[in-house]
Every structure is written in C-alpha cells, then in structure tokens.
Amino acid sequence: MDIQSVLPAKRDLYYGGAWHKPSGGYVDVVNPSTGESLGPVAQADQEDVAKIIAAARAGFEQWQGTLPKERSGVLREIARIIRANAEELALLDAANCGNPVTALLRDAENSASKLDYFAGVALEAKGSTIPAGEDMMCMTVREPWGVCLRIGAFNHPISFAGGRIGAPLATGNSVILKPSPQAPLSALRIAELIEGIAPPGVINFVTCGLEATQSFVADPKVDMVSIVGSINTGRAVAKACADRLKPMICELSGKNALIAYPDADIARTITGAVRGMNFTWCGQSCGSTSRLFVHDSIHDQIAEGVIEASKRFKPGIATDKATNMGAIISKPQFDKIMGYNELGKKQGATLRLGGQRASGAELANGYFIEPTVFTDVTPDMAIAHEEIFGPVLSIIRWSDEEEMLAHVNSVDYGLTAAIYTQDVSRAHRVARKVQSGFVWINDTSSHYLGAPFGGYKLSGVGREESIEELLAFTQIKTVKIAL
C-alpha cells in the first residue's frame, strides 16, 4: 500500500450530505517527513460558513427526533468502517501529520472504540423525577444543544475526526467537524467512507483557516463548541463564545509533571518517564510528562536510565513501519523547539542527549529532532515551565517535598501528572495535592474509556472520553406537571 493509493479523491467541503466546491479556494498540505505536497484541500470562507451552518441546522432538526437506538446504530457502523480501513487511514495520517504509522493504527482503533462506547451509553443521557407532592409531578429531560462545532488538532487526526463525533451524535446533535489545517486528510477520507450513513447535514466535515473558524465559533446558529489545541487558541475560542454565553469544552496545553519518590521502583519509573514523554509522537502531545521531578537519593540512577532508554527512539520517515519516532509537524514548530533547546543551554541546563536535527540523507527534507534530555534543570528555566510541544524532557532534582510540590503546581497548566512511589498512603495524599485533571500512580500515558480526561487551570474546561462528555452535549429541561 503506497501513499498515493490512500489519498482522498474528494478534497472539497462535505456538508448537507454532499460535496461542495469552496468559495475560498484551495491550499496545499505537505508531508512533514519529506516536505512533499500531498495535494490541495478546500478552504471555506464566509460565504461557505453560512451554507454549512444552515445544512447542519437542517440535519439537526431531523436527527434530534431519531431514536437513540438508531443513532447508536449509525455510530457502530462508522466504527466498523474505520476498523475496516484502519491501515489506509493510519498510512494517510502518517504522511500528513508525521507520526509513525504503527502508532496511528492504535489511533484508528481508539477512534472506533470511542464511537462504540458512546453508542453504548447513548441511553444514559436521561433525566430524573423529583418529589413534588401528591398533586404534582416534576421531572427533568436532557435535550441536545443543536449544531455542535468540534475543532481538532494535528497530532491525533483520526481520533479527532472519528472518535469525537460520538458524544454529540449519540445525544441528537448535528456536528461540524473541523480538522487541523495541517493534517486534514484523514477527516476527508472518513467523510468519503461514511458518506450517506447519516441523514444529510447530521455529519459535516469542513476544512478552513483561522478567519472562517472564527466565524463558525461566533455564529449564533452554532450552539456549542469544543476544541483541542493550544491555550492561545482556547482563549480565542472562549472570547468568541462569550458574547452569547455559548457552552464549550476545551482540552488545551500541558506542562505535566512526573514525580519520583525515594522508594519508587527504579526500572518502572524509567520506563514510565520515557513512555510518558511520548517520544514516538516527538513529544507533540498535551499529556506528555515533560517535567521529571526526581528525588535526590535516586536522581542519578533515574537520569542515567532515562537517557539510555531514550536512545532507542530514532527519528524516521513516518510511513515506514520500522519508524518509532516521527517528524515535527511543520518548520515553525521545528524552529520553536530548536529555539527552546538553545535557550535551555543558555540558561544553564545540561544537554545530556539529543537536541539536534536528526541526520540522514532520507531525513534531509523533513522536520526531525532527536529525543532530547536535559539535566541540572531548575524550575525557573523556560524549558521547565513553558510548553514546548516537542521531544524535550527536563529532569529536575528535589529533596524537600513541600518545595517540590509548589514547583509542580506553579505552572498555569494542569492536565496530567504521574506519581511514582510504593507507599499507598503517600500516593493518595500527593494525588490530592497536585493540581491536575488526570493523575497516574506508577503509570503514565494510558487512557481508559469511561475515565474522564481533561485539565485544571488553563489546560481546559470540561471532561472527555466518559459519560461526562456525553452529558456535556445535552442541556437540562425541567418539566412540572399539575395532576
């Protein structure tokens, strides 16, 4: 299977159950591993935005009256189609977003699993009865918001294009799915594959730039917005939603801590620290544990083990099944990461591994950075408190727990944290003290369907991958009946 054979044939806007030429023209997308063009993709403009929203509104009017059992059937069929085409979707995403194809196969399965999950819990979007006396009946019902805009990021395109349509569709909303402009191709391919499965206007896939995205968010006929992205993007979306007090879910940036106590299992901590850094994704993951706080008594042992274990990640062409670490998404992001590496050295951190552009003739035209590990990092350094979104791990030595926890919680982010200790009481105590929405004990990076995922502070609003996500796409109505 080669890249040309899996590229989507349709590159226009999919809305209202049909493909439409954009008023805004087309832009090329590229392969970050090779710099090669992957062809043009439609760009919606203001004229398109109004048509797309109107189509989604018409789809909602029909879909909201569809029985949950029927909605679930649609979700399960989309899940089946994604699984049946997982290899080509993974190869397509590897070419478009730069992450390794073997890892993206797991993303395809995760996407399908989320659809199955929300198909299964669709009936849980239910109300309750409230005692109101013998001559009264009081009850609540949950109703869909209407037209929901879901904005995806570049690092997990299949997951965002497939899995994140599950909750809004299960609860009777229509969806406008806007993939990242850097990696939209799997969304377009999924649109091709599922065309006609849902009534027209219920599922819409739209590619566009910043201006059109802002128009979607601000339009009063879009009832709810969710986004995965940076803090700056989340702030912009929140401001646009504010005028109409529009509900939103946002999963944003992270600068996540892994804390290793003196009694931590050394081998397990090393494995967890390296896995938690998500080197496979070049650290381009908001949940990466990029701050490693290690107690002084085990610092050297852990640091040396992490450095050695990180060497097994070798940047390579993302579509090659042998590759275990892919490419940075774009040149601006590549330059940003390299700038942080230089700043880390300038501010006094010791570069122990990597930090350079990966070498090799086959990598010359792509954006590849070696796995990077700094030691002698202090919490005031930029690499220790600013999100880099790259393969850069900072190891920080600590001896005083109170001071360490203050540093852990000193950043504006609060998405994930990991705690390594064999003391159960300590694990529970520290889990309560860290300001993060998801905490692992003696583990990192694992997600579990049904376990709410989301952040504290500027890392986001709302929770996903759980019943909480399902319910977020409903609003409660109270009905009181005089008998």
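This is a predicted model: local features need pLDDT of at least 70, side-chain atom pairs count only at pLDDT 80 or more; totals for chains, interfaces and linings use all residues.
Most residues other than glycine have a negative phi. Cysteine 282 is also buried, with a relative accessible area of 0%.

Together with strand S12, which covers residues 257-260, helix H11 (residues 266-276) and strand S13 make a right-handed β-α-β unit. Within this unit, S12 and S13 (residues 291-295) pair in the parallel sense over four bridges, and leucine 258 stands opposite leucine 292 in S13.

S12 has another partner as well, for four bridges join S12 to strand S18 (residues 416-420), and these two strands run parallel. Leucine 258 stands opposite alanine 418 in S18, while the bridge partner of alanine 257 in S18 is alanine 417. What covers the story of S12 from above and below can be read from its side chains: both faces of the strand are covered, with Ala257 and Ile259 buried on one side and Leu258 and Ala260 buried on the other.

Seven strands form an open sheet with mixed pairing, and their order is S14-S15-S16-S13-S12-S18-S19. At the edges are strand S14 (350-353) and strand S19 (438-441), each of which pairs on one side only. From one strand to the next, the twist averages 20°. Strands of a sheet pair through backbone hydrogen bonds, either parallel or antiparallel.

Helices lie against this sheet. Helix H13 (residues 331-346) packs on the sheet and touches S14, S15 and S16, and its direction makes about 20° with that of S15. Helix H12 (residues 299-310) lies across S13, S14, strand S15 (372-375) and strand S16 (392-398), and it runs at about 170° to S16.

Elsewhere in the chain, two helices pack against each other. Two packed helices are described by the angle between their axes and the distance between the axes. For helix H4 (residues 86-97) and helix H8 (residues 185-194), the angle is about 155° and the axes are 9 Å apart. Angles over 145 degrees count as roughly antiparallel, and H4 and H8 are therefore roughly antiparallel to each other. In their contact, Glu88, Leu89, Leu92, Asp93 and Asn96 in H4 meet Leu185, Ser186, Arg189, Ile190 and Leu193 in H8. The residues of this contact divide into five nonpolar, two polar and three charged.

Leucine 245, in the loop between helix H10 (231-242) and strand S11 (248-251), has a positive phi of about 50° although it is not a glycine. Is leucine 245 buried or exposed? Leucine 245 is exposed, with a relative accessible area of 76%, whereas cysteine 282 is buried.

Asparagine 409 has its place in the loop between helix H15 (401-408) and strand S17 (413-414). With a relative accessible area of 17%, asparagine 409 is buried, since residues under 20% are counted in that way. If its neighbours within four places in sequence are left aside, asparagine 409 is in contact with Lys433, Val434, Gln435 and Lys457.

Technical notes: Residues are numbered from 1 along each chain as its sequence is written. Side-chain values use heavy atoms; hydrogens and water are left out. Axes are lines fitted to C-alpha atoms, for helices over the stretch in contact, and angles run from 0 to 180 degrees between N-to-C directions. Angles under 35 degrees count as roughly parallel, over 145 as roughly antiparallel, 65 to 115 as roughly perpendicular and the rest as oblique. Contact means heavy atoms within 4.5 Å. Ala, Val, Leu, Ile, Met, Phe, Trp, Tyr, Cys and Pro count as nonpolar, Asp, Glu, Lys and Arg as charged, and the others, Gly among them, as polar. Buried means under 20% relative accessible area, exposed over 50%, partly exposed in between (1.4 Å probe, protein chains only). Two strands pair if DSSP finds at least two bridges between them. A crossover is right-handed if, with the strands pointing away from the viewer, the path from the first strand over the helix to the second runs clockwise.
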